[in-house]
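Please open the structure in your viewer and keep the selection tool at hand. This tour moves from one selection to the next and says what is there.

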Amino acid sequence: AGAASGAGADEAAHAAATRAWTRVSGSIPQLLDAFFKRMAPAKAAHAAASGAAATASAKPTSHSPPPALPEPHPPRPSLRAPHGRPPAAAAAAAPTSLSLPDRHPHVHSAPELPPGLASFCDDLHMMSRFSRLQPVAGLQVGETLSTSHMVCAAAFDRDDEFLALAGVSKRIKIFELAGLLGHVHGVGPAPSSDGAGDGGGDGAMSAAAEVPHGSVLHYPVLEIASRSRLSNVSWNSYIKGHLASCDYDGVVTLWDANTAVELLAFEEHGKRVWSVDWCRMDPSRLVSASDDGTAKVWSMNQEHSVLTIDGRSNVCCACFSPASSHLLALATASFKTLLYDLRRPAAPISVIHGHQKAVSYARFMSANNLVTASTDNTVRLWDIRGSPAELPLPPPPRVPGAAAAQSAARGADPSLAMTYGGHTNRRNFVGLSVTPDGYIACGSEDNSAYAYYKAMPSPLASTPCAPFSCPVYGSAVRAAAPSACSGGLGVLRGALMDPGPPGQFVSAVCWTGSGEHLVAANSVGLVSIMELV
C-alpha cells in the first residue's frame with residue numbers, strides 16, 4: 001500500500017511538472033533573456049571580488065580572506081498591512097521589495113542560490129502557476145448593451161467585500177462580491193421554484209434571484225446618483241465605507257457609502273477630472289488629476305485644496321506611493337510621467353520618458369516599482385529606487401549648493417525594467433491594475449482583459465469580456481436597479497444577453513486586494529469577474 005501511494009504521488013508530481021513545462025515552453029527565449037539579465041549583476045560582483053582577491057594575493061605582506069559568497073535571497077515580506085492597522089504602523093512595516101503572494105505560501109527561494117538566480121527561480125515558478133484567465137461570474141449593469149452604460153472605473157473596498165462600478169450612467173453601483181460569486185461558489189441562495197428571490201421590494205439585494213427564462217439578476221446593495229458622468233472611484237484604504245468619485249464636470253466628491261450621503265464636494269478643477277486616489281499612509285488625504293493640467297491634493301478636514309501641482313499638460317492620472325505620503329506620480333498627455341515630492345512641489349524630482357504617446361495610467365506596484373500604461377500599445381515597469389520615500393528632505397533652493405545637494409538626494413533616475421506588449425491600446429482609456437506580488441492587468445481595444453507577470457514582456461493570459469453564462473443556472477447574468485423591477489423580483493425578458501454593438505473595448509480593470517480575482521468591465525456595460533488558473 002505504501003509503495004502504491006508513493007507511486008501515485010510520483011505520478012501526480014510528474015503530471016504537475018508536465019503542465020508547468022507546457023505553460024512556459026513557448027516562452028523559452030524570453031526566459032533566457034530574463035535569466036541573463038538577472039545574473040549579470042551577480043557575475044559583475046563576482047568578477048570584481050575575484051579581481052580584488054587577485055590584487056591582494058600579489059602583495060607578500062597582505063593577506064585577505066576569500067571573497068564572501070553572495071547572501072542568500074531573503075524572504076520577501078508582504079507590502080499590505082493587516083486591515084484595521086493604523087497607517088503609522090503600516091508605514092513602519094512597509095518593505096522596499098516585492099512580496100511573494102500569500103496564495104502560494106510554499107514558494108521559497110533555495111538559500112544556496114545566488115540572489116539573481118534565486119529571483120529568477122521565483123519568477124519562473126510564478127509564471128508556471130497560471131496559463132489563463134477563467135471567467136467565474138459576470139453581470140450587465142444596464143437594461144441594454146450600450147455606450148450609455150460604459151463602466152469607466154471599478155474598485156474594491158479595503159476588505160474586498162464590496163465592488164463599486166461607475167461610469168457615464170451618472171451612478172455608482174455597489175455590489176457585494178460574495179453575492180456576485182454566490183452562484184459559482186455556492187455562497188448565495190439557490191433559486192426558488194416559483195421564481196421569487198429572498199429579498200423584499202427595496203431592491204437592496206446582493207444574491208441572485210430566478211426570473212422568467214432563467215435570467216439571473218444581481219441587485220446592487222447601494223446606488224449613488226451623481227450630477228455628472230463619472231470617470232473614476234476610489235475606496236479609502238483605512239476608513240471603511242468612505243468612497244471618492246470624480247466626474248466630467250471637474251467635481252471631486254466624497255461619499256459615505258454606508259448611507260449614500262455626500263460628505264464633501266470639491267469644485268476647484270476647471271475641466272474634467274480623470275482620476276482620484278486616496279493616500280494609504282495618510283487616509284485623510286487624496287489626489288485628483290484633471291484635463292485642466294493640474295493635480296490637486298485634498299484633505300477631508302478642509303474645504304479647499306491643500307496643494308495644486310502644475311502638470312504642464314493634461315494630467316490623466318495621479319496616484320500616491322503605497323509607502324510614502326510625500327511621493328506622487330502623475331501620468332500626462334505629454335508622453336511623460338512625473339514624480340513629485342510634495343515637500344518640494346515646485347518642480348518634479350524625476351521626469352520619466354519612454355512612452356511614445358499619452359500616458360493614461362500610473363500605478364505603484366511597490367515603493368520601488370511604478371507601472372505606467374500608454375496609448376502607444378505598451379505597459380511599462382520602472383525602477384524608481386532612490387525616491388523620496390527613502391531619502392531625507394533636500395534643502396530649499398535658496399541655500400548655497402542646494403542644487404547639487406538636491407541632485408544627490410534624488411538618487412538614481414528611474415530606469416526602465418520591462419516593457420509589456422500584446423494588448424491593443426491606441427485611443428481609449430482601457431484600465432490598469434497591479435498587485436504587490438507582480439501581476440499586472442490592463443484592458444484592450446479588442447475587448448479582452450490581459451494579465452502580465454512583472455518578469456515577462458508577453459501576456460501571461462487574456463480573455464474576452466463577454467456575456468457570462470452561469471454554469472449553475474445555465475444562462476446569462478444581468479444587473480438591475482429597483483426601478484426596473486416588478487415587486488422586487490427584477491423581471492427581464494429573454495434568456496440570454498445579445499453580444500451588443502461592435503467596437504467594444506475593455507474600459508476598466510481592477511484586482512482584488514488579495515489578487516485572487518480580477519474584474520474587467522467594458523464600453524457597453526458588461527462586467528466579468530475572472531481568476532488566474
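A salt bridge here is a side-chain nitrogen of Lys or Arg within 4 Å of a carboxyl oxygen of Asp or Glu. The model you are viewing is predicted, and it holds 9 salt bridges.

Begin by selecting Asp 157, Arg 158, Asp 159, Glu 161 and Lys 240, which are linked in a network of salt bridges.

Asp 159 lies in the loop between strand E2 (151-156) and strand E3 (162-167), while Lys 240 lies in the loop between strand E8 (230-235) and strand E9 (242-247), so the pair ties together parts that are 81 residues apart in sequence. Asp 159 is partly exposed, with a relative accessible area of 29%, and Lys 240 is partly exposed as well, at 28%.

Glu 161 is partly exposed, with a relative accessible area of 34%.

Next, select Arg 171 and Glu 223, whose side chains meet in a salt bridge at 2.6 Å, N to O. Arg 171 belongs to strand E4 (residues 171-176) and Glu 223 to strand E7 (residues 222-225), so this pair ties together parts that are 52 residues apart in sequence. Arg 171 counts as partly exposed at 33% relative accessibility, whereas Glu 223 is buried, with a relative accessible area of 18%.

Definitions and conventions: Residues numbered from 1 in each chain as written. Predicted model: local features only at pLDDT ≥ 70, side-chain atom pairs only at ≥ 80, totals over all residues. Heavy atoms only, no water. Helix = DSSP H or I, 4+ residues; strand = E, 2+ residues; numbered from the N terminus. Buried < 20%, exposed > 50% of the residue type's maximum accessible area, 1.4 Å probe, protein only.
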